[in-house]
Amino acid sequence: MDILVCVKQVPSVSEGRLDRKTGTLLRADLPAVLNPYDGRALEMALRLRDQVGGTVRVLTMGPPSAVAVLREAVAMGADSAVLVSDAGFAGADAMATAYTLSQAIRTLPQPQLIVCGRQSTDGDTGQVSGALAAFLNLPFASGVDTVTPAEGDELLLEQRMGRIRVTARYPLPCVISAENETVVPRIPSLRLRLSAAKAQVTQRKLEDFQDTDPSRYGTAGSATRVVRTYRPPETVGKAILSESEVTGQALLDLILGKEALPNV
Amino acid sequence: MSNHILPLDDAYTAYLRDESRLTGKAQSISFPTDEASVLEQLEALRQAGTPVTIQGGQTGISGGAVAQGGHILNLSRMNKVLDISWDADGTALLRAQPGLTMMEMRQAAAAFSGRRRVFWPPEPTSLTATVGGAAATLAKGILSGTGEETYIQSLRLVTEDGAVRTLTQGDGLLEQVLGTEGLPGVFTEVTLRLIPEAAEIWGICVFFEDFDPLCGFVDSLCQDKPQELAVAEYMDASLLKLADSRRSTMVRLKALPEFPATGGAVYLELHGDEASVMAAADKVLELAILSGCEDSQIWAVSGASEVERLRELRIAAQELVGMHYDGLEAGLPRLVTDMTFPQESFRDTAARYRDDPAELDIGCCVYGHILNNHLTASLLPQDAAQHAWAVAMLRRWAGISLSQGGQTAGSYGIGSLQRQLLEGLLPQEKLERCRRVTQELSPNRTFNRSAVL
Amino acid sequence: MSELHITVFAELEGSALAAVSCQLLDQAFLLAQGRQAQVTALVLGKPSEATRAALCRWPLERIVHYSVDGPFRSDLFCRLFLAGIRRLSPDIALIGSTPQGRVLASHTAAMLRTGVTADCTELSLTEEGRLLQCRPAFGGNLMAQILTKTSPQLAIVRPGALTPPNAATGGCPIWETPEADLSASAITVTQVTAATASSALSDAQAIIAVGRGFRKKEDLEQVRELADLLGASLACSRAVVEMGWLSPEHQIGLSGQSVAPQWLLTLGISGSIQFRSGIRGVKRLIAVNQNPDAPILQIADVPICGDVYRIVPALLEAARN
């Protein structure tokens, strides 16, 4: 099976450290890593390939330095890597990102399965994979924690959908969003890591796409815009209640959230 | 509230112990927040003639922070970074209160240095250890290599008479005071020298089926040591087994896949520029394959955060062993060696630590530095009887170490535990230095009376 | 100014209205208050009579309903949802942050080439009637206000994050059931089961953690009963494991588990760094400790200085009732 895994480079600290004075994120200082959700999605893809044969291709959209996460993925065992990078892609929201990915994927041999992580630790929207499926006109499965090859061109997927678990047969090709939090991604072998450093990375730019209209990409192609960021109301330093101030019932209500937190 | 002397009631029993698993006693405790309150509290205690035990993060394994009566001066709330600035050669100076933890120090260093990442080489493995405790014991983690450099630029010392001194590198006194386990006085400020991280850091963990090929690998690595080799740590089969059994309940181990082999492992770090690290990694790969490893038995990660994930395995050793003692009857202190055997090879020492306890059917985890052959044996007795046998074994090993001109204790501190266990076998030079500097600075022995001497 | 049109996805759980949908309906009417506005709803599935009646609580203008049968299949449901949104053509669509809602929203946003904002916790309108969407960013350290420049403005709203229902009365709206293929799907659902709740502490939604404030092992029994009554998992600090009172699986902290429950009640835990590093994901922290200087009281949402030996029995009594 030919599988494509979309990955993202994210700052290593998910909390993101803030400049205390300005309230902006010190993102540039943080070492970039492979989004942990994508690491598990890749592990899912690698295990499926190891089981049924085929290839795993990884693809990322980002600045040229994002090639580092592609090398990481190749060290883990991916067979090939694609970097989608263009100054015009910067500042994309979830929808513009998904559209860019869909255009890039259309320039490649069609994969039978596209695997994404549930969300990124920095953007945190979890919207890219579903939109990618829509742009590619492919069926989409979210919350997938188990993938089993089924007869014909089908996959048997187990999905966590809130309070229920769904087992369903999906036709190939399709797009899945992995939610396999308990899986531990493999650590690369030294030999693969050394060879990954020299691995070829395929490049894709705007000019390679079918749709080369720059207004569809990056900031220009994003329908949403952050107009303001602010720090949430401080949560530390609440006045300490003494035990005589709260009855058992009042405390119980506070615990269960039936009563608003004391405002101090 | 924080700056008062409090009676040591039930709410504070947590402060009567440290990672040695010894439990002590005390009449009072205080949590000063600055030097002025330290001075004020010491003044009050001096009038009453109360001995004082100085406490940092309570992470020591030699009982240095365990009080035997008197007052506990807990410095954990003196945890502010006072100043951090660039110095020559891309190094930085971080001036902090003594209770700053390693975790807080790292955060402060990262926030300050941005892309030019700096670190403190002696950083002990416990993230909750404090800089004051590290300066007092000269404890070292896995990154410091084999050098003697302390990376401590200066400190402020309050002696028992209430005098405040600033000691600076090169003045002679600083070097005398460092590592004397709090006997001369209380550190109220410590200035650390942080140095730049290498551009490229790789972590490599080589797993072996058996002890012999592992020793072969270590021998060949030591004969042809790449310059980039900054860390080389051993983890024996029983440590790997213990880690495996705790995998599901320990966050730091959960992020690691199943071990490809469990006969022992060697954890290496290569620090340098990209090209040199890759060349060294090539070399390591060749040596490991020659020692009979399969590709899948050699894990490799790169980049600071991935390296930390792999490092966890070695760092977890101390905690894993500590957990063993949780299951034992209370009061049995932790038995850990801190000895060197200068006339032996890695194979000799590792084999002794493996075979001697096995003969008595006592569990033992062995881990530690390969390059200077400073291995640690953590004994895991099942009951008081085995504990007594293990103590005797520890003393026998200390005798061998002394006969080879080795150090029998000191790099984790002597504290009150090693003092008791290794009575008569302790490194005289260090004891003499502690005695001398205490006599000079705090002759009434107000501080840490039950430790070392 | 033209009339503002807000559509709410009235998601069903089985045949009943999902709790989040009620909150979204309230939210929609709050937004509409004092404006020229209409609120409509989109329903996919087979609502019960009671659900139909329940929807009369809000003065909805219209309800577009596709009476699709069977379990959620993304292709079928996305197609119908898109058709419904096209038919209603609202300015704003509010969708609950549920597994279904997230899938429907991303698909619809892509097909309509509009924007979607995930996990909104606060919504308001600008003077021009644009939807100002607030969501936590960067792990909750920052809040971001987001505007969508295209229409419809799709907002995925986090359940439970909005103000509780206020009494609204309505007439029963017209139900429109447009023609559509209600069955074509490439996906075959073979099994639907209840998700088994994980017993792991790291997945627990409610946790009571005990620490050194307890004097003996037997005293934990009351806490155990309290945890059972409240459906909470029992956990502890390292000290309790060291004493051998609870096994290491119960330990929260650096050398134990990281937890992220909706609420955590700590009893007699001082909050060492070791412990605090395991509770970063906790939504609501209620801490009881005797020592007013205990670090845990500095970071708790509800810090209580007191004796666990008095507070636990009081809580237990309240819980039993």
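Which residue is the bridge partner of Thr224(A) in β10(C)? In this predicted model, that partner is Thr148(C). The two residues belong to a pairing of strands across two chains: β12(A) and β10(C), which spans residues 142-148 of chain C, run antiparallel over 6 bridges.

**Where chains A and C meet**

Chain A brings 67 residues to the contact and chain C brings 70 residues. Together they bury about 5700 Å², and carbon and sulfur atoms give 61% of that area. On the chain A side, Tyr230(A), Glu243(A) and Ile255(A) supply 12% of the area buried against chain C, more than any other three residues.

For the polar part, the rule finds 16 residue pairs in polar contact across this interface, both residues being at pLDDT 80 or more. Several elements of chain A give two or more residues to the side that touches chain C, among them α3 (94-106), β7 (140-149), β12 (224-230) and α6 (248-256). The most comes from β9(A), with 8 residues. By residue class, this side of chain A divides into 33 nonpolar, 20 polar and 14 charged.

Salt bridges across the interface of chain A and chain C number 1. The side chains that form a salt bridge there are those of Arg163(A) and Glu13(C), at 3.4 Å from N to O.

**Salt bridges in the whole structure**

Over all chains, the search finds 47 salt bridges. Here are some that lie within a chain:

| Arg | Asp | N to O distance |
|---|---|---|
| Arg49(A) | Asp79(A) | 2.9 Å |
| Arg216(A) | Asp211(A) | 3.5 Å |
| Arg396(B) | Asp356(B) | 3.4 Å |

Take the pair Arg49(A) and Asp79(A), joined by a salt bridge. Arg49(A) sits in helix α1 (residues 36-52) of chain A and Asp79(A) in the loop between α2 (67-76) and β5 (80-84), so the pair ties together parts that are 30 residues apart in sequence. Arg49(A) is buried, at 12% relative accessible area, whereas Asp79(A) is partly exposed, at 44%.

In chain A, Asp211(A), the partner of Arg216(A), is buried with a relative accessible area of 17%.

Arg396(B) is partly exposed, at 45% relative accessible area, while Asp356(B) is buried, at 17%.

Finally, shared partners join Glu43(A), Arg47(A), Arg49(A), Asp50(A), Asp79(A) and Arg186(A) into one network of salt bridges.

Definitions and conventions:
Residues numbered from 1 in each chain as written. Chains lettered and ligands numbered in written order. Heavy atoms only, no water. Contact = heavy atoms within 4.5 Å. Buried area = accessible area lost by both parts, 1.4 Å probe. Salt bridge = Lys/Arg side-chain N within 4 Å of Asp/Glu carboxyl O. Polar contact = N/O pair within 3.5 Å; in protein donor to acceptor, adjacent residues only side chain to side chain. Helix = DSSP H or I, 4+ residues; strand = E, 2+ residues; numbered from the N terminus. Nonpolar A, V, L, I, M, F, W, Y, C, P; charged D, E, K, R; others polar. Pairing = 2+ DSSP bridges. Buried < 20%, exposed > 50% of the residue type's maximum accessible area, 1.4 Å probe, protein only.
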